[in-house]
Amino acid sequence: MRGVRDRAQEAGAPRDDARGETLTHEAGRLATHPAAALDPAAPGGRRPLSQSRREALAGYGFLAPWFGGMLLLTLGPMIYSLYLSFTRYNLLTPPEWRGMANYQRMLDDPRFLNSVGVTLKYVVIAVPSILVVSLAVAMILNMGMRFLPFYRAAFYLPSLIGASVAIAVLWRQIFGGSGVFNAALDVVGIEGKSWIGNPDTALYTLITLSVWTFGSAMIIFLAGLRQVPKELYEAASVDGAGPVRRFLNVTLPLLTPLIFFNVLLTTVNAFQAFTPAYVVSNGTGGPLDSTLFYTLYLYQRGFSNLEMGYASAMAWVLVVVLGLFTAFMFATSRFWVHYGDEK
Amino acid sequence: MSAQAPAAPSVLQRPVFGRRQSKNRAVVSIARHAVLLLILFVILYPLLWMLGASVRPSNEAFGTIGLWSGNLTLDNYREGWTFGSLNFSRYFMNSLVITVLCIIGNIFSCSLAAYAFARLEFPFKRVLFALMLGTMLLPYHVTLVPQYILFNELAWINTILPLVVPKFLATDAFFIFLMVQFIRTLPRELDAAARLDGCGHVGIFRRIILPLSIPAIGTTALFTFIHTWNDFLGPLLYLNQPDKWTVAQGLNGFLDATGESAFGPLFAMATLSLAPIIGFFLVAQKLLIEGIATSGLK
């Protein structure tokens, strides 16, 4: 229960007649409350809880579930996983301290090194492709198109379902030996093969799937483009800038905050892709480990082979790599990210 | 204006005949729509094709590019629903229960945390907020193994608890962020007025903030629904008994059991598994798109 004084302070001490009714009503209610009688009303007397104290307690109260999750499901497990990464642990016998053995083993593990290569290739091709496609479509949509809500929604739809098993199942068929993609190639007279079954092309089918979900990045770009002041383009036109220069000197700099945001999120997400690779390759990462994403290999080591120590070490390598990438992005952002209000 | 700017030849050279310009504009506009529709067609073609394949008689070939063969049948749906030892009524029920509980959990825990971050002052608030933001970028793999060990110790394997309980502990920081951003836009005068009327923080939260945050809560519910419904890794780790499977696992099990031999029923079930998402999307796409534009959710 809040004390009378607290409330009077917040309300601005003396009240006018218009509020008299509320005041009596409140006073009546408070008088019947036992705590109200205990409230030390003497001026200068110490109160058990100051208003800010009370607010702090309320704040921690509201955060209680989050604290619980943070400690029990995030920070605690992170520390435990760091410990496990220096051990050998199969869930059945207690963890056995092995020092740096797991980390050293990675350097000699050809499947680990391969999974790093596969993941990097995936990220390095998929992320720029997504950015270019999403920005291009967003710019077309920003040219005062009619039916904008329809287009926006339709382009966005794949983002919602791209990580589902259903779409991965569909992708298997589309890029399989007798799939739709080959049927389309057949129309133009090219004889296809199984793109999923060929180690040279399997990863590209997954990259295609990832680019297919460009809609979420597009919506973020579109929101940014709509805020670019029209006068800037007009001013640039008057100064003789063509479409290319207007894009390079007006659009791009103003979009850098959103480019920053999209690069960061798309990259972090791409590193964590799992379901498509798992379903398309039946959980093997095949053919010939060509779709063995880092996350898939981690899953295999941890949950198929029960090498919890090695899997934890792999997880921590990923955390460090993504942490370094994020730090790099933030550190370089002041050289290339322009915020409008700076100038 | 432009006449006084001799340094701008491109502006001066532009044709000034209004009629020709508007005609050009119409052509350009049609061309743009054509380009967009073409891209859209390519993007959405796989989905249309899958829908077509799901109602195609099973004796017709599936490696064709056409959408409709003229013969419609619902046999694939009938066959797929209880294919072999699969039981999609059960998978849909399991997915539904998990999804509803996750939505309740996220709304409950994330709105509480968001109110604290958006409205209350307390020591270490900035540090905690930064910590919360930091977890948004944290790869979930780092907690995958230890969480599995924890839930294994608690004997929660083959129950839905490992999938649901974390949502009640606000582990999806994205939604906290989304709601913080939203609550910050609500006028503080409302809080003050409620306080005058005798509301404490719980009262303000329940009577003022929650009702006004319906749009943000709706976005949270929708994204939680989509994430949970699509989730595959979580159920794959924690639900090993086929009668506990979710729809996503059922589909994967279908593929494992039949390989490439029963495309029709497989695509019928795949289509059904996407139907709730696409349905909700059509109903609430405005909410989703506003949500993503303000917070960058995927």
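The crossing between helix 5 and helix 8 of chain B is left-handed. It belongs to a predicted model, in which the contact between the chains takes 86 residues from chain A and 76 residues from chain B.

**Helix 5 and helix 8 of chain B**

- Helix 5 of chain B spans residues 125–136, and helix 8 of chain B spans residues 173–184.
- The axes of these two helices come within 8 Å and cross at roughly 125 degrees.
- On the side of helix 5 of chain B, the contact is formed by B:Met132, B:Leu133, B:Thr135 and B:Met136. Their counterparts in helix 8 of chain B are B:Ala173, B:Phe174, B:Ile176 and B:Phe177.
- Seven of the residues in this helix contact are nonpolar and one is polar, with no charged residue.

**Contact between chain A and chain B**

- Chain A contributes 86 residues to the contact, and chain B contributes 76.
- On the side of chain A that touches chain B, 57 residues are nonpolar, 22 are polar and seven are charged.

**Chain A**

- The secondary structure of chain A consists of 17 helices and two strands.
- Chain A has 343 residues, of which 35% are buried.
- Of the contacts in chain A between residues at least 6 apart in sequence, 69% join residues at least 24 apart.

Methods:
Residues numbered from 1 in each chain as written. Chains lettered and ligands numbered in written order. Predicted model: local features only at pLDDT ≥ 70, side-chain atom pairs only at ≥ 80, totals over all residues. Axes fitted to C-alpha atoms, helices over the stretch in contact; angles between N-to-C directions. Helix = DSSP H or I, 4+ residues; strand = E, 2+ residues; numbered from the N terminus. Left-handed = near helix turned anticlockwise from the far one by under 90°. Contact = placed C-beta atoms within 7 Å. Nonpolar A, V, L, I, M, F, W, Y, C, P; charged D, E, K, R; others polar. Buried ≥ 20, exposed ≤ 12 C-beta atoms within 10 Å, placed from the backbone.
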